[in-house]
Amino acid sequence: MNVSKNLQSASTDKITAPPISQHHMPRVLLAEDCPITALSIKELLYQYGYDVTVEDNGNAALKTLSASAFDFVLMDLEMPIMDGFEACRRLRSGLSDCSNPNVPVIGMSANPTSLLRKIAQKMGMHDVLEKPIDFDVLTNILLTLKVTPDKNCSGACAYYAQQTSPPAPVVLDKEAALQRLAGDDTLYEKLLRQLREILPQKIQALAEAMRQKDFETIEISAHSLAGSFGSAGAQQCMIEAKKICLAARSSDMDAVCAGYQNFEDALETFLCCLENELN
């Protein structure tokens, strides 16, 4: 991320424009490059009464915003091709062909530091949420923006009827993950199976980047792993992946290697829990 470039100012005083659609399912554009995270957010928002379109980078998101109207945007801050900062900057400054450059944009990050939040605000984002997404927090933001589905929708009805606090983190925090997925066991199993399928490739990509001492790719790979583990409720693996991400951002190879050793230990424990859950 080029901080100096992203600190270019963009107007933030118009982001609370009224939602475009007045139908029962507000339209959401989700810009997220991690397929596990995208699947969980999309399925959950759909169940709660939102119509969700997914793109995997900022450039594609801008093209979609130019082609169709949305009520709000969920934008990952760190994506390939074009990150969320630059996409929002172009949207707000009129450099895109979007018909509604004031559409509310909510950022998402696995590491929402105070600096990232300040940059996001400069770019014109309404707020930044930590991944994995706490749907209670997101819903409160959408209430302030007056972008909410009909409460008679089955998912929305369940949400308004009962809200619970997540339990303490464990190796595989199924309860916390299910809470974010509105208790959908079928979707949770789908996420776990997809995670098991893509893990070897993701870990191989991280290991190869470490061999090459390619800090940029290490950061991208670790960031993607953290998002995937977080969506599945694998809290310890998510934490260790975040540490690798931060070490790579600082170009500290010793810290990256130490973090990877801790990550491997957490991964071994998680894989045992994963097999028990799926068998």
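**Group meeting: a walk through the model**

Let's start with one contact. The charged end of R27 sits over the ring of F70, at 4.3 Å from the ring centre. Keep in mind that this is a predicted model.

Now the overall picture. The protein chain has twelve helices and five strands. It runs to 279 residues, and 52% of them count as buried. Take the contacts with a separation of 6 or more: 69% of these join residues 24 or more positions apart. The accessible surface comes to about 12,900 Å². Carbon and sulfur atoms hold 50% of that surface.

Next, helix α5, residues 114-123. Which of its residues are buried? They are L116, I119, A120 and M123. Look down the axis of α5 and these buried residues fall within an arc of 100 degrees, so they line one face of the helix. An α-helix has 3.6 residues a turn, so residues three or four places apart point the same way. Now turn to the face of α5 away from the buried side. That face carries S114, K118 and Q121, which are exposed. Just after α5 comes G124, with a positive phi of about 105 degrees.

On to the aromatics. How many aromatic pairs does a search of the whole structure find? Four. A pair of rings is described by the distance of the centres and the angle of the planes. Take Y260 and F263. Their ring centres are 6.0 Å apart and their planes meet at 40 degrees, so this pair is tilted. The cut-offs matter for that call: stacked is under 30 degrees, edge-to-face is over 60, and the rest is tilted.

Where do Y260 and F263 lie? Both are in helix α12, residues 253-278. They are three residues apart, about one turn of the helix. Are they buried or exposed? Y260 has 13% relative accessibility, so Y260 counts as buried. F263 is buried too, with a relative accessible area of 0%. The cut-off for buried is under 20%.

Last stop, R89. This arginine is in helix α4, residues 84-93. R89 counts as buried because its relative accessibility is 11%. What does its side chain touch? A polar contact of 2.8 Å joins the side chain of R89 to that of E86.

That's the tour. Questions, please.

Terms used
Residues numbered from 1 in each chain as written. Predicted model: local features only at pLDDT ≥ 70, side-chain atom pairs only at ≥ 80, totals over all residues. Heavy atoms only, no water. Buried < 20%, exposed > 50% of the residue type's maximum accessible area, 1.4 Å probe, protein only. Helix = DSSP H or I, 4+ residues; strand = E, 2+ residues; numbered from the N terminus. Arc of directions from axis to C-beta. Phe/Tyr/Trp six-rings, centres within 6.5 Å; stacked < 30°, edge-to-face > 60°. Lys NZ or Arg CZ within 6 Å of the ring centre and 35° of its normal. Contact = heavy atoms within 4.5 Å. Areas by Shrake-Rupley, 256 points an atom, 1.4 Å probe, with all protein chains shown as cover. Polar contact = N/O pair within 3.5 Å; in protein donor to acceptor, adjacent residues only side chain to side chain.
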